[in-house]
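Colleague: I'd like to learn how to read a sheet, strand by strand. Could you walk me through one?

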Amino acid sequence: CCTADQPLQAFDPVTLARAPTRDLTLPNSGSMAFEVDGPRRVLFFYDTVARTLRAVSLADANYGAVVATVTLSMLPAEPSPTSVGDQLAVDTRAQRVVLTGGDGGPVLTVDVSNITPAVGAFGDVVSTGHVNRSTSNSAGAVAVDEVGRRVFFIPATGTVRVAGADAPFARIADVAIPSMSTSDCGLQFDARTS
């Protein structure tokens with residue numbers, strides 16, 4: 001958090017031993033969200049201050065190379081680097097990422113179908129018509145249920161909204177979360193247990 005240009009540290013998944021030769025060093029503001037698209041062998045990296053989304057190769061032959069970049073000027077920039085992390089979720093079934101600004105704002109989808117670990121370009125950016133809350137302190141968060149075709153986000157403090165993951169992104173339900181923080185919050189979806 002909060003210090004520019006810090007590397008993403010790598011660890012062995014079995015032993016949890018640090019693997020510094022696999023660290024990813026990318027220019028960044030210190031406010032970031034990242035998610036791995038395992039089948040694609042790409043890490044998606046969103047800088048919430050610069051509003052840039054990058055696709056970074058995880059394939060051995062091209063490890064750490066940035067294969068695509070797009071600036072998402074329709075998202076609000078995080079005013080200053082803060083602790084963030086859940087503004088981005090990968091939807092491998094639809095071949096897109098779902099994201100929001102570091103301090104909330106529109107919930108967008110970005111087509112990643114033309115991205116490989118070697119080369120590519122981001123496709124269409126689509127607004128879902130939904131908006132994550134803004135709190136002046138990294139309020140935005142999204143999660144995806146790929147199988148159930150749902151997206152989760154936070155439209156207001158104390159609420160998680162469930163919407164369809166595909167156009168027209170219709171609202172399904174609002175879930176009350178009474179103990180939710182009024183600033184930083186995160187969302188994850190456990191696909192194994194729904």
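Colleague: Let's start with S7: is it mostly covered or mostly exposed?

Modeller: Buried means under 20% relative accessible area, exposed over 50%, and partly exposed in between (1.4 Å probe, protein chains only). By that rule six of the eight residues in S7 are buried, so the strand is mostly covered. Bear in mind that this is a predicted model, where local features need pLDDT of at least 70, side-chain atom pairs count only at pLDDT 80 or more, and totals for chains, interfaces and linings use all residues. Residues are numbered from 1 along each chain as its sequence is written, and side-chain values use heavy atoms, leaving out hydrogens and water.

Colleague: Which strands does S7 pair with, and in what sense?

Modeller: Strands of a sheet pair through backbone hydrogen bonds, either parallel or antiparallel. Strands here are DSSP runs (E, at least two residues), numbered from the N terminus, and two of them pair if DSSP finds at least two bridges between them. S7 (residues 104–111) pairs with S6 (residues 96–101) over five bridges, in the antiparallel sense. Arg-96 has Asp-111 in S7 as its bridge partner, and two residues sit between S6 and S7 in their hairpin. S7 also pairs with S8, antiparallel over five bridges; there, Val-110 is partnered by Val-125.

Colleague: What is the order of the strands in the sheet?

Modeller: S5-S6-S7-S8, an open sheet of four strands with antiparallel pairing. S5 (88–91) and S8 (125–132) are the edge strands, each pairing on one side only.
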